[in-house]
Amino acid sequence: MKRELLLNTLITFAFLVVLVRLGGIMVFDHGRYAAEALGQYDRERPLAVKMGTIYDRKGRELAMNLDMESLWCNPCQVASAKDVALAVSDVSSITGLPQAEIMQKLDGPEREKRFAWIKRKLMPAGQGGAIKNITGFGLKEETERFYPNGTLASHVIGYVDAADDGMDGVERSYQSTLKSKGGRVVVQRDATGKILSQGVEMDPGGSSLVLTIDEDLQYIAESALEKAMAKWNAQSGSVIMMDPYNGEILAMANKPDFNPNDPGKTKPRTWKNRAIMDAYEPGSVFKLVTGSAGLETGVVTPNSMFNTGPGYIEVGGRKFHDDDKLGVISFAELYQKSSNVGAITIGLKLGPEKLYEYAKKFGFGQKTGIDLPFEASGYLRKPSTLVSLASNSIGYGVAVTPIQLLRAYSAVANGGYLPNPHVVQKIISPEGQVISSFTDFKGPQVIKPETARILRRILRGVTQQGGTATEAAVDGNEVSGKTGTARLYDPRTHGYSGLYASTFVGFVPSHDPKIAMVVVIKGAKGPTLAFGGLVSGPVFSEIADRALAYLDVPRDDGIQNNLVYLGDKEDLNHETAFDPGRNKN
């Protein structure tokens, strides 16, 4: 009797334990076990990310997507095949991959895994169907970023890595816009692994970009720069062409460059967008700041005269020389002849506070805010000695980028305000709707319209007879601009090298500018000193001449042929009204 009671008690207790545990599972742990069960029967596979297209301003594709297939394997499954060598040989014959490369995955660290990539984005979609019949091997559809123009505008467009993450250019700065999350496939299987059902969730894809870049203008700029680089055996060069009114970058070229389809084939230094990243001592092109500040503060007038004496000026025990003994010169001749003595005279009258103030106003020492990654801010400090004040007045002791220079000269071209440079014109949704457009064209006013008008007229003399950049002139249209020839600093020796940065920056037509452009060539080698007017001036002239024809800009002499006029051409269109829609063709 006692034995039966004990047995019944144990059975009852065990039943209660099971019941309590079952209740706990059903009530408290239901969610966890349900998730585990779902995980055993449901499998989720990601689908390829669809990136948006990048177009030039006329709708031509600069970056697009290709449907590709990537080769993978299950090393464990391949190892169990009857004839591994035969399977590898078959895959090799279909894909063209060396058998050794395939075997490396099977025998390498991944040999114990159930999944390993053999080659990502191996072949166009649809070409490797026979691989599905080979045990342990398979194909996965992916998209590959493709740049149909190769090196053209490579520093603006940038490139992506194997995961389609943007590494440079607009591919990087607009990655979250261009790149979708991709889609997914949810597959339900029974206990034997048989597929019961599957559903697909698709992302509509990334948005597309319309750039301000014009493919034809970009080609014109790159070809002229490449020719100059070869002629002068130069180290590097940059060209930027911009609408001086709305800041749209029409072309941005750098040499050396790279092919974004395979950036690894060139050295990393070729990936650098020197137009916005290379800060250097600009030399005489910086005299724009000195002269503008002088006019704005009343230190000088357009009629001021300068006695350059023996061809040098001594400041703080140091002599600063002109290239020639110029004698007594006017304010206009100061720019035409690029007199260091004259510019330093103005700088000394201004003092360190005012010179620094106007350099900051023109945007030096700070980023322009262009929508590209890795922009440099340059270097600008308030002069602390008379020598540094004199040096800054002629573009030494400061460091600027080509984009900063172009923006500053554009203020002279447009009537006195800094335009906001940008390379993306608008963003288009996957459905083809405009999501946003760039509208913040106009930056701060830095000089009065009258000061800008005076400088436009004076800077014309630089490209006319007797100026330092006659080779930058354009047949049929007057050019306003300035040269710069500055020694290059060598960080290895902590001193100046024997090489120069040769710069020309300007705009055309002078009286009603349609394009502003800067040309910087570094390390030019030749039989003569690498003056900015000699090295970079002809590049400006060639690009501007072809660009004006392409944009269908009338010749100045064509305007004059239809007018009886006795004044300055500047007054033909005294102040062009701000129009953000200019140069949209």
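User: Why is Pro-430 called partly exposed?

Analyst: The relative accessible area of Pro-430 is 38%, and because buried means under 20% and exposed over 50%, with partly exposed in between (1.4 Å probe, protein chains only), Pro-430 counts as partly exposed. This is a predicted model, in which local features need pLDDT of at least 70, side-chain atom pairs count only at pLDDT 80 or more, and totals for chains, interfaces and linings use all residues. Residues are numbered from 1 along each chain as its sequence is written, and side-chain values use heavy atoms, with hydrogens and water left out.

User: What makes Thr-368 buried?

Analyst: Thr-368 has a relative accessible area of 8%, and is therefore buried. Leaving aside neighbours within four places in sequence, Thr-368 is in contact (heavy atoms within 4.5 Å) with Glu-375, Ile-403, Gln-404, Arg-407 and Pro-421.

User: How do you know that the span of helix 4 agrees with what it should be?

Analyst: The expected span of a helix is 1.5 Å times one less than its number of residues, so the twelve residues of helix 4 (residues 84-95) should span 16 Å, and the end C-alpha atoms, 17 Å apart, agree with that. Helices are DSSP runs of H or I with at least four residues, strands runs of E with at least two, numbered from the N terminus.

User: Which residues of helix 4 are buried, and why are they said to lie on the same side?

Analyst: Ala-87, Val-88, Val-91, Ser-92 and Thr-95 are buried in helix 4. They cover an arc (of the directions from the helix axis to the C-beta atoms) of only 135° around the axis, which puts them on the same side of helix 4. The face turned away from that buried side carries the exposed residues Ala-85 and Ser-93.
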